[in-house]
Amino acid sequence: MNAKKMANYINKAKAQELWKTLYLCAKESPTRRFHALYDKIFRPDILWEAWQRVKRKKGSAGVDHQSIEQIVYDYGEKKFLNELYKELKEKNYHPQPVRRTYIPKDNGKKRPLGIPTIKDRVAQMATKMVVEPIIEADFEGCSYGFRPKRNAHQAVAKIRKASRKCFWVVDVDIQGYFDHINHDKLMVLVEQRISDRRVLKLIRKWLKAGIMEEGKVRNPITGTPQGGVISPLLVNIYLNIMDKLWEKKFSGLGKIVRYADDFVILCHTKKQALESIQVIKAIMDKLDLSINREKSRLVNIWDDKEGFDFLGFHHRNSQRE
């Protein structure tokens, strides 16, 4: 193993050890608020591992047009990371607006993506590596999207198992979820676990960074752009309040399975399904969100003639007991 590979291995091991330590501390103390986190974000080993993860995912350049290839072959990785280290340490780091782009969807429409600069992606990745284990300790088992050791296949398996006995499904689509997350309410949820003001300020900067489209920058008062490294974590934090409420007070109505902003509720009876819809509407109102009536459905899978689509699979009852 050459020196560079050895350094990568050591930095990765240190990052994993930090993740494990923070997770266990958070798991053991559900009410603890963590205050000494910012210094960990710009630790050289954390920044290097964050850069490695961003580099592996590749991706396009942001508004500054600086690509991963340019950093590796022209600018220099060490120079790039040293500058970011200095900016974060001296609190001179300021994110740039994300670059708006669109990708086609199956229905012919386009999904908006916000592409941060490479520097901002590395800073977000380093922050995610420090914050995620603390937040992850609070997440419910019904959530499968963008979480360590969890994936869409597990969510699909959960649905298939539940659909053997549950014959009514509430298939929910949230209207423009990424664009309507309330920043203040999101930060209140983050602050339940993170009290380090420097970290909170950093997250707020990304929420307020703005979106550049056709040469103009706009600053939405709500939302977090799809495409940001830290956005999936923020998505899960915001909807975790729904998960917790459901599991604590309404699990008797049915089983909820969520993957990021997509979720279904599997119920035994139509009455439970109709009541579930009212509960979800109330929770959405509290979160300043709304259900997309055109895409959300109440599905009866009892007779095996009707089903629903979720995570790229068509689901219907194939085994009655």
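**Labels and their cut-offs**

Guide: Gladly, and let us begin with asparagine 292, which counts as buried because its relative accessibility is 10%, and buried means under 20% relative accessible area, with exposed over 50% and partly exposed in between (1.4 Å probe, protein chains only). This is a predicted model, in which local features need pLDDT of at least 70 and side-chain atom pairs count only at pLDDT 80 or more, while totals for chains, interfaces and linings use all residues. Residues are numbered from 1 along each chain as its sequence is written, and side-chain values use heavy atoms, with hydrogens and water left out.

Visitor: Where does asparagine 292 lie, and which residues is it in contact with, leaving aside neighbours within four places in sequence?

Guide: Asparagine 292 lies in the loop between helix 12 (270–286) and strand 8 (297–300); helices (H or I, at least four residues) and strands (E, at least two) are DSSP runs, numbered from the N terminus. With neighbours within four places in sequence set aside, its contacts are Asp173, Ile174 and Gln175, where contact means heavy atoms within 4.5 Å.

Visitor: Why does phenylalanine 146 count as partly exposed?

Guide: Its relative accessibility is 46%, so phenylalanine 146 counts as partly exposed. Phenylalanine 146 is found in the loop between helix 6 and helix 7 (152–162), and has a positive phi of about 55° although it is not a glycine.

Visitor: And why does alanine 260 count as buried?

Guide: Alanine 260 has a relative accessibility of 4%, so it counts as buried. Alanine 260 also has a positive phi, about 60°, although it is not a glycine, and sits in the loop between strand 6 and strand 7 (262–267).

Visitor: What makes arginine 258 buried, and what does its side chain make a polar contact with?

Guide: Arginine 258 is at 0% relative accessibility, so it counts as buried. Its place is in strand 6 (residues 255–259). Its side chain makes a polar contact with the side chain of serine 143 at 3.2 Å; the term covers a pair of N or O atoms within 3.5 Å, and within protein one must be able to donate a hydrogen and the other to accept it, while residues adjacent in sequence count only if both atoms are side-chain atoms. A polar atom of the arginine 258 side chain also lies 2.7 Å from the backbone oxygen of alanine 260.

Visitor: Why are helix 6 and helix 10 called oblique to each other?

Guide: Helix 6 and helix 10 (residues 197–207) pack at an angle of about 135°, with axes 12 Å apart. Axes are lines fitted to C-alpha atoms, for helices over the stretch in contact, and angles run from 0 to 180 degrees between N-to-C directions. Angles under 35 degrees count as roughly parallel, over 145 as roughly antiparallel, 65 to 115 as roughly perpendicular and the rest as oblique. The two helices are therefore oblique to each other. Asp120, Ala123, Gln124, Thr127 and Val131 in helix 6 meet Val199, Leu202 and Trp206 in helix 10.

Visitor: Which residues touch the most other members of the largest nonpolar core?

Guide: Trp51, Leu88, Val122, Tyr177, Ile237 and Met284 do, in a core of 92 residues. Helix 6 (residues 118–136) gives the most to this core, with ten residues. A nonpolar core is a set of buried Ala, Val, Leu, Ile, Met, Phe, Trp, Tyr and Cys residues joined through side-chain atoms within 4.5 Å.
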